[in-house]
Amino acid sequence: MKKILFLTNCQGFEYDNFLRTGSDSYARDWECLKSIQAQSMKASDAPFLLEQMEEADVIVAQPLFSAPIKEIHPSAIRSWADRVGKKLISVPALQYDALTFGTVPKLWRDVPNYPFAANENMLIAAGYICGLSAKATAELYHNATLLNEQQLRERVEFGISAFQKREMEAGTDIIASEYYAEHWRTSRLHFAKGHPLPEVMRHFAGALAEKLGIQDFDPLRTGAIKGFFGHCMPIPRWIKNGLDLEFETDHDTVCCDKKYISLEEFIRIMFEWYDVQGRDEVERRVSHEMPYKRAMKAAAQLAESPPSKVYAL
C-alpha cells in the first residue's frame, strides 16, 4: 500500500476525503499518514513530521513559507525531495476572502464558548457597541457600503494575484489563480477564507488525482461531501450588488455550528455573548481592526438616523 502525507492546513483532510470517496483505487491502494495541520504546527513537531516525510511515498505540500519548521519551507522541502528521490506535489493553499470584507479572524481565542468558530463580523460588533437592535444590525450588515465598486474589484484582483505570487514563488504543481479568475463572479467559492466550497475542493482533488496517476476519480461520487460548511455568513447585499455577482445566495441565513438560522437570530446570539464579555471589552478587542473603523462609522450614523437609512461611506 502506498503512503501519502499531506503537509497542509485543514484542506489536506478534504483532499483525502474527496479522493477516498471518488476513487476506488485510492481507497484501496493508498494510506494517508498522520500529520499536523499547518496552523497547529510547532517547532517541536519537527522530529515527528520529518519521520513521516521519510515514511511517505508521496508528499502533498502547500507553500508553508511561515511554518515554524524550516525543513518544510517550499525551497527546503523541494531540495530534500529531489535529493532523496521522493515524489513531492506542491498544491495551492486555497485562501480567498474577497467577498467577506468586514469579517476578521476571531479575536477571542483565549475566551471559551465563542459562538462562531474562527471569524467575527465587524458590522455586528459595531451594531452592538452602538446599541442597535438585532434587526437594525441585520439591515446594517447588508446595506452599509463599506467599500465602493472599485475597491471591491481591487480585492478580487488582489486575491487572484496573491495566488499567482505564491504559485511563482513556490513553483506549485497545481495552479489555482486561473480557476479563481474564471469563477469568482459565478460562485462564492468559499464558506470562509480557508474553507472552500465542495465544488472548489472537487476541482482541485481531481487535479491532484491526475498528478497521482489516479485514473478512476469520479467527481460525481463526491456530491454528498459538504466540506467545511459548519460556519458561514451570507454574502452582504452591498457586496453582491457592488460586484454584480451572478450566483444566487440566501441573504438571510447563517450556518452556525452546522445549524441554519436567520441572520437576525444569529446576531442575537452574538449580542448575548457580547453581553457576557461587556461592551468595553468588546470594543477593546475589535477597535484596532480597519474594517471595524469603517463599520463603526456606518453604525453610528444608523444609530442617529431613521431605521431605514444607512449611509454609504
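1. A pocket here is an open set of grid points with protein on both sides within 12 Å along at least five of seven lines. By that criterion, the second largest pocket of this predicted model has a volume of about 290 Å³.

2. The lining of this second largest pocket consists of 13 residues; nearest its centre lie Ala38, Pro63, Leu64, Phe65 and Ser66. Sorted by class, the lining has seven nonpolar residues, five polar and one charged.

3. The largest pocket has a volume of about 960 Å³. It is lined by 40 residues, and those closest to its centre are Gln95, Asn119, Ala192, Lys193 and Gly194. The class count for this lining is 20 nonpolar, 12 polar and eight charged residues.

4. Several elements contribute to the lining of the largest pocket: strands S5 (103-105), S6 (119-121) and S7 (190-192) and helix H7 (149-170) each supply at least two residues. H7 gives the largest share, with five residues.

5. Turning to helix packing, the axes of H1 (residues 11-22) and H9 (residues 198-212) come within 9 Å and cross at roughly 75°. Angles from 65 to 115 degrees count as roughly perpendicular, and H1 and H9 are therefore roughly perpendicular to each other.

6. On the H1 side, the contact is made by Gln11, Glu14, Tyr15, Phe18 and Leu19. H9 contributes Pro198, Met201, Arg202, Phe204, Ala205, Leu208, Ala209 and Leu212. By class, this contact of H1 with H9 comprises 10 nonpolar residues, one polar and two charged.

Note on methods:
Residues are numbered from 1 along each chain as its sequence is written. This is a predicted model: local features need pLDDT of at least 70, side-chain atom pairs count only at pLDDT 80 or more; totals for chains, interfaces and linings use all residues. Side-chain values use heavy atoms; hydrogens and water are left out. Axes are lines fitted to C-alpha atoms, for helices over the stretch in contact, and angles run from 0 to 180 degrees between N-to-C directions. Helices (H or I, at least four residues) and strands (E, at least two) are DSSP runs, numbered from the N terminus. Angles under 35 degrees count as roughly parallel, over 145 as roughly antiparallel, 65 to 115 as roughly perpendicular and the rest as oblique. Contact means heavy atoms within 4.5 Å. Ala, Val, Leu, Ile, Met, Phe, Trp, Tyr, Cys and Pro count as nonpolar, Asp, Glu, Lys and Arg as charged, and the others, Gly among them, as polar. On a 1 Å grid over the protein atoms alone, a cavity is a set of points where a 1.4 Å probe fits but cannot get out, and a pocket is an open set with protein on both sides within 12 Å along at least five of seven lines; lining residues have an atom within 4 Å of a point. Grid points are joined across faces, edges and corners, and a volume is the space filled by probe spheres set on the points.
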